[in-house]
Each structure stands twice: as C-alpha cells, then as structure tokens.
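Let's take a look at this protein together. Have the sequence and the 3D view open as you read.

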Amino acid sequence: MVTTEVQWSELQRDPRSVAALADEGDVRVRRRDGAALLLTREDRAHSASEGSVAAARALRNVLAHLPHDVAATALLDEFPWVDVLPKAEQIQFVRDFARAFQASAELGQWSVLAQTITEWRSTAAIHADPALAAKLTGPIDEDHGPVPGPTDV
C-alpha cells in the first residue's frame, strides 16, 4: 500500500481530495510546527489491529508448545543478548515476550512489548557483567535505616 504525503494546508484547502487519497492508501499529513499525522481509513486500521491480535495469539500458542530451549533459541536470532541470561531466565523471557506481545496487540499499545524488551535487555546487561551481577545479587551488609513510606506525586 502506498503512503501519500500532503501538507496540512492541502488538507485544509481540499479535504475531499485528501479523503479520496485516503481511500487509496494512508496519507501522511506534514505540519510545520508538529509531528506528521497519519490519516488512514478505519476499516484498514481495524483489520491491522485484528491481524496483530491473531498473530500474537498464534505466536504465544506456538511458543507454549515448543520446548523452552527451542523457543529461546528462536528468539535469540532477534535478541542475541538472551544468550547471556541463565537458562531459567531465558524461559521466563520467552513467556514474558509472548504475553507482552499479545497484550500489546490486544490493547493497541506496543509500549507494553517495548518495555518488556527493555527490561529484559537490562537484565541481560547485568548478567553480562559478573562483577555487577555479584554486587546486585549479593547480601546487603549495611543498614541504611528505615525505608520511608510512599509519597504522593
């Protein structure tokens, strides 16, 4: 599908022509003082949403039926840092990835999946540095006093 670009002024001047372009494909509306807008037909957006939910459910089901080491290896191609995670955490990453993918697809909020990946990448970075991992997983010998209660922001 082709994405056509128009200026904001063109949308204001001739909205019917821009709507006709949207019937053919997405329309990127450029603005001088803001991020571009994407104009798409609702039926296409709905189909994309349904497709992503179906794909997420299928992926979750596939990953659930694969042996854990095979599922982790499959994701290793895309996320090579998974290799530095301990085996038990590789399994948990696969589960978390599949759940976050499905949640993101169903909510239409891909930030859920992005946050999961960011958190696991940070965990892998800790495991990649043995000194840091030892420091963060070792006992705390100092008493830092009472923990303050939560505050309203």
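Here is a short tour, from the whole model to a few residues.

## About the model

This is a predicted model: local features need pLDDT of at least 70, side-chain atom pairs count only at pLDDT 80 or more, and totals for chains, interfaces and linings use all residues. Residues are numbered from 1 along each chain as its sequence is written, and side-chain values use heavy atoms, with hydrogens and water left out.

The pLDDT is the predictor's confidence in each residue, from 0 to 100. Its mean over the protein is 90, and 99% of the residues reach 70 or more. Confidence is lowest in helix 4, with a mean of 83, and highest in helix 6 (residues 111-128), with 96.

## The overall layout

The protein has seven helices and three strands. These are DSSP runs numbered from the N terminus: helices are H or I, at least four residues, and strands are E, at least two. The C-alpha trace spans about 70 × 45 × 25 Å along its principal axes.

## Helix 4 and its cover

Check out helix 4 (residues 68-76), where Ala71, Ala72 and Leu75 are buried (under 20% relative accessible area, with a 1.4 Å probe and protein chains only). Seen down the axis, the buried residues of helix 4 fall within an arc of 100 degrees (using directions from the helix axis to the C-beta atoms), so they line one face of the helix. Their cover includes helix 3 (42-65) and helix 5 (87-107).

## A serine in helix 3

Now find Ser52 in helix 3. Ser52 is buried, with a relative accessible area of 18%. Leaving out residues up to four places away in sequence, Ser52 touches Ala105 and Trp110 (contact means heavy atoms within 4.5 Å).

Conventions
Buried means under 20% relative accessible area, exposed over 50%, partly exposed in between (1.4 Å probe, protein chains only).
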